[in-house]
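Morning, everyone. Please get the structure up on the screen, and then I'll walk you through it.

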Amino acid sequence: MPFARLATATTPTCHLGLGLAAVGRPGYINLGRETDLGEDRSVETLRTRTHELLDAAYAQGVRYFDVARSYGRSEEFLADWLNARPAFDDIVVGSKWGYTYTADWTTDAEKHEVKDHTLATYERQRAETDALLGDRLDLYQIHSVTPDSPALTDKDLHARLAESAAQGLTIGFSTSGPAQVDAIRAALAVTVDGEPLFRTVQSTYNALETSAGPALAEAHDAGLTVIVKEGMANGRLADPHAPDALKAVAAETSLGCDAVALALILRRPWAGVVLSGAATTVQLASNLHAAVVDLDDEQVERLGALVEEPGAYWERRGQLPWH
């Protein structure tokens with residue numbers, strides 16, 4: 001397991017990773033992107049920004065980096081950065097397949113990505129990922145598995161994924177939507193020749209959406225590494241959008257709402273890696289303060305009152321505009 005490299009790390013930030021969804025393409029659904037990115041979102045501008053974020057993250061102890069085929073040019077940007085730094089051999093790289101980026105570097109496309117979990121898409125996107133990341137790829141995840149995903153039942157796909165696992169690639173999956181618990185439990189039951197197929201799970205979990213928690217605990221107990229995405233709820237837990245209760249606890253800690261929101265997740269014993277989705281180096285530095293936030297039980301209880309019903313949370317998320 002490549003995540004064994006993180007287990008031996010001693011930096012406070014070893015359980016924090018950097019996801020490049022927000023900077024690998026000009027349009028995304030994070031609140032505040034107009035301020036974060038400005039008007040110049042050319043390929044070269046975002047390539048430079050991505051490299052600055054990666055440099056800052058690495059310098060501050062982050063060792064897991066997360067991309068996807070559908071995150072615009074995120075794999076390309078990461079590959080360029082890695083190729084220029086061959087001595088950085090302690091990094092864990094994860095990517096995802098199953099969505100195809102279709103926005104053509106615009107922010108107003110009718111569809112920004114198209115989902116397809118078939119074997120043919122896996123073969124095509126695996127070749128695309130390999131062409132960019134090659135042997136630097138450690139983890140390949142099925143992107144946003146839901147209970148109805150054919151990836152949960154396609155035996156030919158499972159066999160092909162198991163072949164890749166036998167060759168040293170870690171196979172995982174991510175989840176989205178109000179039925180994450182069902183998707184996680186269904187994926188945990190997938191085996192090939194009697195052996196579990198998946199070794200990692202990446203799910204949405206934050207102060208507003210905690211429904212995946214029990215299933216993530218089960219995945220951890222089954223030996224999977226748990227990666228948490230969208231810990232900031234697409235910007236809803238960052239200033240100035242954060243709920244009053246979160247702002248109050250942040251004031252008590254003298255740190256940002258973002259650091260407190262991510263620290264809340266780091267408290268979970270099953271949380272292996274918690275992703276920052278920072279779009280600026282200032283945001284990244286603030287996010288990484290999560291590693292030193294010390295919340296007491298009373299503060300955790302107050303933050304627990306923020307939890308929303310999963311259906312309502314995901315409906316709200318679905319209404320967020322692509323900026």
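I'll start with the barrel, then move to rings, and end with some backbone details.

Two notes on the source. This is a predicted model, where local features need pLDDT of at least 70 and side-chain atom pairs count only at pLDDT 80 or more, while totals for chains, interfaces and linings use all residues. Residues are numbered from 1 along each chain as its sequence is written, and side-chain values use heavy atoms, with hydrogens and water left out.

Now the barrel. Eight strands form a closed barrel, in the order β1-β2-β3-β6-β7-β10-β11-β12, and the pairing is parallel. From one strand to the next, the twist averages 25 degrees. Some terms here. Helices (H or I, at least four residues) and strands (E, at least two) are DSSP runs, numbered from the N terminus. Two strands pair if DSSP finds at least two bridges between them. In general, strands of a sheet pair through backbone hydrogen bonds, either parallel or antiparallel.

Look at β3 and β6. β3 covers residues 92-97 and β6 covers residues 139-145; four bridges join them, and they run parallel. Take K96: its bridge partner in β6 is Q141. Helix α5, residues 119-133, packs on the sheet and touches both β3 and β6. The direction of α5 makes about 150 degrees with that of β3. Contact means heavy atoms within 4.5 Å. Axes are lines fitted to C-alpha atoms, for helices over the stretch in contact, and angles run from 0 to 180 degrees between N-to-C directions.

Next, β10, residues 200-204. Strand β7 (residues 170-175) pairs with β10 in the parallel sense over three bridges. There, F173 has V201 as its bridge partner in β10. V201 also stands opposite V226 in β11. Are the residues of β10 buried or exposed? Five of its five residues are buried. Buried means under 20% relative accessible area, exposed means over 50%, and partly exposed is in between (1.4 Å probe, protein chains only). T200, Q202 and T204 point one way, V201 and S203 the other, and all are buried.

On to β11, residues 225-229. Five bridges join β10 to β11, in parallel. T204 has K229 as its bridge partner in β11. How does the chain get from β10 to β11? The chain crosses through helix α8, residues 213-221, and this β-α-β crossover is right-handed. That label applies if, with the strands pointing away from the viewer, the path from the first strand over the helix to the second runs clockwise.

β11 is covered on both faces: T225, I227 and K229 are buried on one side, V226 and V228 on the other. Beyond β11 comes β12, residues 273-276, joined to β11 by two bridges and running parallel. V228 has V274 as its bridge partner in β12.

Now step into the loop between β11 and α9, where α9 is 244-253. E230 lies in this loop. E230 counts as buried because its relative accessible area is 15%. Leaving out residues up to four places away in sequence, E230 touches Y28, T204, Y205, N206, Y313, W314 and R317.

Rings next. Rings of Phe, Tyr and Trp (its six-membered ring) pair if their centres lie within 6.5 Å; planes under 30 degrees apart count as stacked, over 60 as edge-to-face, and the rest as tilted. By this rule there are 11 aromatic pairs. One is F65 with W81: edge-to-face, 5.6 Å centre to centre, with 70 degrees between the planes. F65 sits in strand β2 (residues 64-66) and W81 in helix α4 (residues 74-83), 16 residues apart. F65 is buried, with a relative accessible area of 0%, and W81 is buried with 0% too. Y58, F65, W81 and F88 form one aromatic cluster.

Y58 has another neighbour. The charged end of R63 sits over its ring, 3.6 Å from the centre. The rule is NZ of Lys or CZ of Arg within 6 Å of the ring centre and within 35 degrees of the ring normal.

Last, the backbone. Which residues does a cis peptide bond join? D239 and P240, with omega about 0 degrees. P240 is in the loop between β11 and α9. A233 is in that loop too, and has a positive phi of about 50 degrees although it is not a glycine. A233 is buried, with a relative accessible area of 1%. In strand β6 we find S144, whose phi is positive, near 55 degrees, again without being a glycine. S144 counts as buried, at 7% relative accessibility.
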